[in-house]
Amino acid sequence: MSFLEVKSIEKSFGNLKVLKNIDFSLEKGEVIAIIGSSGSGKTTLLRCLNFLERPDSGSIIVNGKVIFDAADPTAQRDSDVRRKRLHFGLVFQNFNLFPQYTVLQNVTLAAELLAKERADFKQNRRAILQEIQEHGKKLLAQVGLSDKLDCYPHEISGGQQQRVAIARALALEPDILCFDEPTSALDPELTGEVLKVIRKLAERDTTMIIVTHEMDFARDVADRVIFMDDGVIVEQGSPEEVFENPREERTKQFLMRYNKDFE
């Protein structure tokens with residue numbers, strides 16, 4: 001059994017069917033890159049995995065445990081959504097940092113809120129919060145921002161803000177780290193610093209799903225590439241298979257358009 005199994009996921013908004021019978025799996029430590037044109041369903045898929053959207057049908061299984069089954073009402077309780085989101089850390093296109101909090105506070109906030117639900121929080125409050133702070137500092141060091149702990153989002157660059165967002169997603173130690181076009185809101189000169197961080201995560205065998213328009217990056221970093229179009233998975237395989245020898249005509253047409261646009 002794979003670490004993540006996504007089975008027959010479908011999602012509609014009104015009469016518009018955005019995801020159609022999505023099936024794929026992910027192994028522990030594997031990196032999947034999802035490519036495709038705007039409107040192909042890539043972002044909606046990540047939002048379904050993170051339970052920002054609820055699939056209309058299908059199931060999601062993590063490490064052998066069913067965390068969502070559209071056919072089982074008990075697997076859809078709103079009260080369980082926050083706990084289920086802990087399986088998936090999501091880094092958005094736009095950084096979504098809290099402007100009133102420092103860099104370190106942005107990273108530690110969610111962990112501190114969860115800690116308050118612990119039965120021993122009142123008794124061990126100081127030690128628990130200190131541990132969370134130290135963990136946040138280590139994560140910021142990991143993304144190269146040890147010198148920005150006390151800065152506010154408006155005081156750092158877009159690339160640095162996105163690196164804070166990555167540290168924030170890592171803070172709750174998710175099973176799977178998801179990226180939704182993590183460089184699309186950045187100027188070209190800032191893109192490299194964010195991709196460098198993601199490359200290092202891949203080298204540490206971090207399990208990741210990356211929606212990206214950076215084809216060279218997907219080719220270099222991903223273990224597997226999924227091409228989506230019009231709400232379906234058209235093709236998936238190794239980067240060499242998808243980029244060098246695509247089987248499906250829709251994949252070939254997409255890559256031809258992409259290469260032409262960036263010639």
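In this predicted model, helix α3 supplies the largest share of the lining of the largest pocket, namely five residues. That pocket has a volume of about 680 Å³, and of the 21 residues that line it, Asn50, Arg85, Ala110, Arg168 and Leu172 are the closest to its centre. The elements that contribute two or more residues to the lining are α2 (81-85), β6 (88-91), α3 (103-115) and α5. Sorted by class, the lining of the largest pocket is made up of 14 nonpolar, four polar and three charged residues.

Helix α5 covers residues 158-171 and helix α6 covers residues 188-203, and the two pack at an angle of about 25°, with their axes 8 Å apart. Because angles under 35 degrees count as roughly parallel, α5 and α6 are described as roughly parallel to each other, and their crossing is right-handed.

The residues that make this contact can be followed along both helices. From α5 come Gly158, Gly159, Gln160, Gln162, Arg163, Ile166 and Leu170, which meet Leu190, Glu193, Val194, Val197, Ile198 and Leu201 of α6. By class, the contact of α5 with α6 comprises seven nonpolar, four polar and two charged residues.

Note on methods: Residues numbered from 1 in each chain as written. Predicted model: local features only at pLDDT ≥ 70, side-chain atom pairs only at ≥ 80, totals over all residues. Heavy atoms only, no water. Axes fitted to C-alpha atoms, helices over the stretch in contact; angles between N-to-C directions. Helix = DSSP H or I, 4+ residues; strand = E, 2+ residues; numbered from the N terminus. Parallel < 35°, antiparallel > 145°, perpendicular 65-115°, else oblique. Left-handed = near helix turned anticlockwise from the far one by under 90°. Contact = heavy atoms within 4.5 Å. Nonpolar A, V, L, I, M, F, W, Y, C, P; charged D, E, K, R; others polar. 1 Å grid on protein atoms, 1.4 Å probe; cavity = no way out; pocket = protein on both sides within 12 Å on 5 of 7 lines; lining within 4 Å. Points joined across faces, edges and corners; volume = space filled by probe spheres on them.
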